[in-house]
Amino acid sequence: MIRALGPGAAFYDLDGTLVRTNLVHVLLFYARNDRGVLKSLQRTAVSLAGIPLFFAAERVSRQAFNEVFFRFFRGLTADRLRLLAEELWEQVLEPALRPEAAELIERSRAQGLRQVLVTGAFDLAVAPLVRELGFDDCGANRLDLADGRATGHLVPPVMAGAAKAGWIRAYAEREGLSLGSSYAYADSLSDLPMLSVVGRPTAVNPDAGLRRVAREQGWPVLRLS
Amino acid sequence: MSVRLRGRPDAGTVFIDTDSAPRVLHCGESLLEARLPVGTRVVYARPPIAPVPDAHQAIREAIENPLGCDPLPAQLRPGMRATIAMDDISLPLPPMERPDVRQTALEVLLPILAAAGVDDIHLLVANSLHRKMTEGEMRRAVGDDIHREFYPDRYYCHDAEDPQGLVTVGTTPHGERLRLSRRACESDLLIYLNINLVPMDGGHKSVTVGLCDYESLRPHHEPQTILDSDSYMDPARSALSRKCDRMGRLVDAALDVFHVETVLNNRMYPPELAFLAKNEDDFDDRDRLKLRAARLALDRLPWSARRAFFQRLPAPYGLIGCWAGRTEPVHERTLARCFEQYAVAVEGQCDVLIAGVPYISPYNVNSILNPILVQVMGPGYLFNLYRGRPLVRRGGVLILAHPCYDAFDTASHPSYVEFFHRLLPETRDAFELRERYEESFARDPRYVAAYRHGHAYHGAHPFFMWYWGENGRRHLGKIIVVGAENGYVPERLGWERAASLEEAIAMGRSHVGRSAEVTMLHLPPIVIADVA
């Protein structure tokens, strides 16, 4: 007897999967657009100088990367972050959206799957993208705010690696969704936990590590432009 | 058991004697040698028919003297929109030496169109739900010059999932709706360039399958149609052909189609491997040496290297016929020529049929023959290579040789992995699989994206491949595989496994009786058994 699976969801990683950009592009955008020319120049210079540090931190873990990375947002006001998010969508994320991404989401929705973004970016920055692509839900990092300003820390748990898988598991349980009939799309080996937790994992333009795992596990590999 | 020692009742059949040479079987990317029991009948392909001396000239003559319509030049006018659709990489098998017959035909067709002032020409690969060809494969099919001129804007693959790229042609009286490529339908003239390798190719199937969408395939790519086909290599008794013909009449009513059909001979081996098509009793010292060298080399190479070795050997096929004009009269002539090359008269059915499964099928050019494709070769194509009656009697045994490795090319066959590992453990019932799962695979967004934007077979394709074996599975009493490197792939396919051909024959005899008539189909080249 074939077992019927319950309703599922499609979980998407963002950076490198649906868009060609990554978190550093987001940081540089905010840095470029800080109030005043001097402040902007200073934050951009600091951000650029921090790039080697990001790479070093990512080699340790995605978690370490996030902890280092989000310090660069310290002092930015929530209002400004929200305001700039619209421009971030228009100027950075939308042009970097893979042309096939919207179709993938649309076909997925047509199958009755809930559309959920699961990203290491922070919620304010991706809010316009979530709205424009019609996601039903979003699991993203949240910047810690004090007196309306970013403290440079994230509200735990930091959304990366195994935490993404944990979030997906909790979400599915809360919403009564079947993980067995759910899909996940990601590009990096660091997203292996997120891919492993669903019944239908898919590697999108995978890095070498994920490509190897996908080949070994027989997972579909999508090459999007 | 009737033993006719060394008898040769016709050119294609040999009976094994006490001093007969061992027979050579393909076993995926390796070769097996096996001594068959005395009295075993071995059916060989006919020798290749001599090709036409000038392929360009033969195609030109066909185009200028078409069947059932005006010559092509008389149908052309300046400024008209023309589309030349052509078969995809599944034909011929293996890919032929350059120039491919598609290139040869285009070198004839394109100047005729140009001379008539037709410059809105698109070249469309009729890949249906097959994977899209890579740029390199497309270049090889038409040659560098044509590729340079047309690719990618005017030379591309059909997209059966492009919502904007399909239009409804009509619905047959049986309720079968046909949707086809918009470009093809909105052209003033659709020229279809076909390569006929086996009798199930060509005719109305070319356009109605090659350029359609998933929904249009469903009426005939389903298990009952396959069960009702006896066999699908015999168009006169094929429900699949009848359904395609019905849909084809919709095409004829709606579109101007000029069909160009080509027939190739069966010279599939390059000279260094030509001995594989010979009767082993006729091997000379050089043939024996080549066989030994090939076996030694292949047995020492990893699978991937063996695969690369075989896939890089193009076939020196020759054109043995070309007809052009209206689809039905053209196809009638094509089929007759096709059977001249492939049909071999065989007297009576057998109880046990032996066949080696080669490294290639229509669906794994430049890729892996995964377990589902091994299945489509066994109870699918090999079983269906008959006209009249099946070569093996009802309840008989089919013995196949293949390693049955659990390997999939996830770029080409992503949905096959899920089909094999998730669905088959639950059920092998083709009707249940279709009812419960086919549509969800067809609509699966990952598989649609992989088909549209990559080089993957459509999500529903493994289901079709499973249905393709339905009449074989129902007809046969047992399928035994020799050479399998594991037990679970054969088990999941519903097959038994034997350590050697001798053991498989003994298992077969224990199933059908000690006096079993044993026949080996010596493939390739392809044989259509005309069973009296």
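Modeller: Two residues are in contact when they have heavy atoms within 4.5 Å. The model discussed here is predicted.

Colleague: Which residues does B:Glu439 touch, not counting residues up to four places away in sequence?

Modeller: B:Glu439 touches B:Tyr214, B:Glu215 and B:Arg218. They count as contacts because heavy atoms lie within 4.5 Å. B:Glu439 itself belongs to helix α16 of chain B, residues 430-443.

Colleague: What makes the link between the side chains of B:Glu439 and B:Arg218 a polar contact?

Modeller: The distance is 3.5 Å. A pair of N or O atoms, one able to donate a hydrogen and the other to accept it, must lie within 3.5 Å, so this pair qualifies.

Colleague: Is B:Glu439 buried, exposed or partly exposed, and why?

Modeller: The relative accessible area of B:Glu439 is 36%. Buried means under 20% and exposed means over 50%, so B:Glu439 is called partly exposed.

Colleague: Why is B:Thr208 called buried?

Modeller: B:Thr208 has 0% relative accessibility. The cut-off is under 20%, so B:Thr208 counts as buried. This residue is in helix α7 of chain B. Leaving out residues up to four places away in sequence, B:Thr208 touches B:Leu178, B:Leu180, B:Cys244, B:Met247, B:Gly248 and B:Val251.

Colleague: How far is the backbone oxygen of B:His204 from a polar atom of the side chain of B:Thr208?

Modeller: The distance is 2.7 Å.

Colleague: How many cavities of 30 Å³ or more does the structure hold, and why are they called cavities?

Modeller: There are four. They bear that name because a 1.4 Å probe fits inside but cannot get out. Of its 50 lining residues, the closest to the centre are B:Ser90, B:Leu91, B:Asp201, B:Pro362 and B:Tyr381. Helix α7 of chain B is one of the elements that give two or more residues to that lining.

Colleague: How many residues of chain B are in contact with chain A, and what area do the two chains bury?

Modeller: 22 residues of chain B are in contact with 21 residues of chain A. About 1900 Å² is buried between them, 56% of it on carbon and sulfur atoms. In chain B, the residues that lose the most area to chain A are B:Pro445, B:Arg446 and B:His453.

Technical notes: Residues are numbered from 1 along each chain as its sequence is written. Chains are lettered from A and ligands numbered from 1 in the order in which they are written. This is a predicted model: local features need pLDDT of at least 70, side-chain atom pairs count only at pLDDT 80 or more; totals for chains, interfaces and linings use all residues. Side-chain values use heavy atoms; hydrogens and water are left out. On a 1 Å grid over the protein atoms alone, a cavity is a set of points where a 1.4 Å probe fits but cannot get out, and a pocket is an open set with protein on both sides within 12 Å along at least five of seven lines; lining residues have an atom within 4 Å of a point. Grid points are joined across faces, edges and corners, and a volume is the space filled by probe spheres set on the points. Helices (H or I, at least four residues) and strands (E, at least two) are DSSP runs, numbered from the N terminus. Buried means under 20% relative accessible area, exposed over 50%, partly exposed in between (1.4 Å probe, protein chains only). Buried area is the accessible area (1.4 Å probe) that two parts lose on being put together, summed over both.
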